[in-house]
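Hi there,

Here is the structure I promised to pass on to you. Have a look at it first, and then read my notes below.

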Amino acid sequence: MCGIVGLYLKNAELQSQLGSMFKPMLVEMSSRGPDSAGVAIYRNPVESSQIKFSLAHSNPGFLWETLGANLSASLNCEVFTSPVATHCIIITDAAETEVISWLETNYTEVRIVGSGKSIEIFKEVGPPEMVYEQFDLEKASGTHMIGHTRMATESAVTTAGSHPFATGADLCLVHNGSLSNHNLLRVKLEYEGITFQTENDTEVAAAYMTWKIRSGATLRQALEDGIKEIDGFYTFCIGTQDGFAVVRDPIACKHAVMAETDDWVAMATEFRAIAHLPGSDQAKIWEPEPSTIYIWGE
Amino acid sequence: MDILDLKEIGVRGVNSALHDLELSRNKSYRIDNPMGQHSIACGLDAQMQVQIEGHVGFYCGGMNQQAEIMIKGHAGVGVAENMMSGMVHVSGNASESAGATAHGGLLVIEGDASSRCGISMKGVDIVVGGSVGHMSAFMAQSGNLVICGDADDA
């Protein structure tokens, strides 16, 4: 099972309503994925000299301000922390690689769930509505969001195994389906120097995209290569800095539907998630074709 | 024409009303606010006309016998699945497995159907105004699939 949803606003006037428009989409997919949920929201882009990290810690009482102060002192940089539930958004002008290695050395229990200029990723175990509310997303403004409700089949129900998975700067991936060659692909990617946090099949797909993009491929090229090399059942929705992409495997038996109006583009596992959006009754609606890459905001 | 508001009475309320053969036989119904819900107007077994005002989810009109069902919008997976007789008409596009295993009746899709249209069909007539996806009419045993557009690779 699992449910995936994506919403991209074409009409900038709707940006202040992004969080409230997206909530019923995610909640409607609860019956497909009651175990855990996660979203990526693209909002508040940082300055060109800065980078934004989404960090998570299993303890909701973790002192993020202390981490921020230590990071600032160690790397002699500016650090802004915005904690929310088990997560924290950190904005800094330090170099990305230095921050990552500093965290890996000094805070091994802190997980980096995403990074980029505008992406923020929040994911947690529990019913989707509860997860959405604990991260205070209902009033959120932004340009686009993707989300996932998980019914675990391949690996444990943990926060780390929840989607979205980051796949590089401002990129992340959610998945409905199950992959069949992820163990082999994981070994291959480990040889390329990619490290993994979980046994999850989707993390392998995300790592594959990360590796491809790091090697110089465009998102479209990475997805084209993925169709050839990633085996299994999948509908992927990939969040990008400027929009999102959708791709299905050649058999295309994991459901997906897309809808578009003058104001927005949406994708979902089932149309009932999209039915809540204003204007959905007049939307152009179709099922995305197999092995076909759809990208908005490329 | 009786109006059934799905937002008010839910899928079970709509289907219970349509299944009440003492009341529903030879009548006309309009279903408002389908909201993409699944299994709307499934298992009907009487002559009646049902007009659905919007997009539906999975299995709409499944197992239909005798009834005429008009869907004014998009139909999700498995529309008119295992239909026995009657008619299901979709004004928009349909998702995969439209008319799967259907034994009789007529399924009309004005737009495109997706993959597996008419898979394992056993006597139904299906007319698609647009194109169909891969594996359409796969394992078909009887019936007719008329495609006005293109058919994707098997």
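**What I found**

M70(B) lies in strand β4 of chain B, residues 68–71. (Helices, H or I with at least four residues, and strands, E with at least two, are DSSP runs numbered from the N terminus.) M70(B) counts as partly exposed because its relative accessibility is 24%; buried means under 20% relative accessible area, exposed over 50%, and partly exposed in between, with a 1.4 Å probe and protein chains only. Along the chain, M70(B) and H89(B) are 19 residues apart, yet 4.8 Å separates their C-alpha atoms.

Before going on, some housekeeping. This is a predicted model, in which local features need pLDDT of at least 70 and side-chain atom pairs count only at pLDDT 80 or more, while totals for chains, interfaces and linings use all residues. Residues are numbered from 1 along each chain as its sequence is written, chains are lettered from A and ligands numbered from 1 in the order in which they are written, and side-chain values use heavy atoms, with hydrogens and water left out.

**Chain B as a whole**

Chain B has two helices and eight strands, and along the sequence they follow the pattern β-α-α-β-β-β-β-β-β-β. Its C-alpha trace spans about 45 × 25 × 20 Å along the principal axes. Of the 154 residues in chain B, 49% count as buried.

**Salt bridges**

How many salt bridges does a search of the whole structure find over all chains? There are 18, where a salt bridge is a side-chain nitrogen of Lys or Arg within 4 Å of a carboxyl oxygen of Asp or Glu.

K23(A) and E133(A) form one, with the closest N and O atoms 2.9 Å apart. K23(A) sits in helix α1 (residues 18–28) and E133(A) in helix α4 (residues 128–134) of chain A, so this pair ties together parts that are 110 residues apart in sequence. K23(A) is buried, with a relative accessible area of 9%, whereas E133(A) is partly exposed at 44%.

K23(A) also forms a salt bridge with E138(A), where the closest N and O atoms are 3.1 Å apart. This pair again links distant parts of the chain, 115 residues apart, as E138(A) is in the loop between α4 and β8 (144–150) of chain A. E138(A) is partly exposed, with a relative accessible area of 39%. K23(A), E129(A), E133(A) and E138(A) are linked in a network of salt bridges.

A further salt bridge joins E96(B) and R248(A), with the closest N and O atoms 3.7 Å apart. This pair crosses between chains: E96(B) is in the loop between β5 (87–90) and β6 (106–109) of chain B, and R248(A) is in strand β12 (residues 243–248) of chain A. Is E96(B) buried or exposed? E96(B) is buried, and so is R248(A).

**One more spot**

E224(A) is in helix α7 (residues 219–229) of chain A and counts as partly exposed at 38% relative accessibility. E224(A) and V247(A) are 23 residues apart in sequence and 9.3 Å apart in space, C-alpha to C-alpha.

Best wishes
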